[in-house]
Amino acid sequence: MQTLKHYSIFALLLMLFSCNVEPEPINYGSDGCYFCKMTIVDKVHAAEVVTKKGKIYKFDATECMINFMDNFDTSEIKFYLTNNYTEPEVLIDATKATFLISKNIPSPMGAFLSAFKNKADAENLQADKGGDLYTWKSLLEKFKD
């Protein structure tokens with residue numbers, strides 16, 4: 001009986017820890033974009049979606065992630081992540097990011113879209129490269145057109 005109790009506790013702990021819903025690092029040069037199927041190589045423009053069930057979708061650009069959302073139940077998404085332009089390979093919360101669209105900063109899919117963890121970094125690059133700043137919400141509105 002004591003052994004059964006230990007196995008039950010172990011099984012319960014295993015189930016609790018196996019339900020961890022977390023982002024996963026992008027393997028640049030080998031992971032493919034879920035939306036356009038290109039290999040993800042750009043370390044400053046990639047993006048990722050994590051569902052509430054833990055399914056991970058990776059994208060070579062934020063614009064692919066936004067286009068993917070058109071055909072997906074967004075109520076199932078737990079995390080929207082995008083690379084921070086000033087820190088290559090670092091994923092940040094896209095819903096809190098500031099975005100810059102500048103014709104002087106190419107992105108993999110041609111939307112010239114870059115994400116920044118803080119608005120000051122985006123404004124500094126905007127002063128040098130030009131372009132327009134967006135919040136997540138205003139960016140989604142722009143891409144509806």
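Tutor: Buried means under 20% relative accessible area, exposed over 50%, and partly exposed in between (1.4 Å probe, protein chains only). This is a predicted model: local features need pLDDT of at least 70, side-chain atom pairs count only at pLDDT 80 or more, and totals for chains, interfaces and linings use all residues. Residues are numbered from 1 along each chain as its sequence is written, and side-chain values use heavy atoms, leaving out hydrogens and water.

Student: How many residues of H2 are buried?

Tutor: Helices (H or I, at least four residues) and strands (E, at least two) are DSSP runs, numbered from the N terminus. Helix H2 covers residues 62–69. The buried ones include Cys64, Ile66 and Phe68. H2 is mostly covered, and of its eight residues the buried count is seven.

Student: What angle does the direction of H2 make with that of E1?

Tutor: Axes are lines fitted to C-alpha atoms, for helices over the stretch in contact, and angles run from 0 to 180 degrees between N-to-C directions. For H2 and E1 the angle is about 35 degrees.

Student: What is the order of strands in the open sheet?

Tutor: Two strands pair if DSSP finds at least two bridges between them. Strand E1 (residues 47–51) and strand E3 (residues 77–84) run antiparallel, joined by five bridges. E3 and E4 pair over four bridges, also antiparallel. The open sheet of four strands has the order E2-E1-E3-E4.

Student: Which are the edge strands?

Tutor: An edge strand here pairs on one side only. That picks out strand E2 (56–59) and strand E4 (87–93).

Student: Which residue in E3 is the bridge partner of Ala47?

Tutor: E1 is joined to E3 by five bridges. In the bridge of Ala47, the E3 partner is Thr82.

Student: Is Thr98 buried or exposed?

Tutor: Thr98 is found in strand E5 (residues 98–101). Leaving aside neighbours within four places in sequence, its contacts include Phe116, Leu133 and Tyr134. Its relative accessible area is 12%, so Thr98 is buried.

Student: What separates the C-alpha atoms of Thr74 and Thr51?

Tutor: Thr74 is found in the loop between H2 and E3. Thr74 is partly exposed, because its relative accessible area is 34%. Thr74 and Thr51 are 23 residues apart along the chain, and their C-alpha atoms are separated by 8.7 Å.

How values were computed: Contact means heavy atoms within 4.5 Å.
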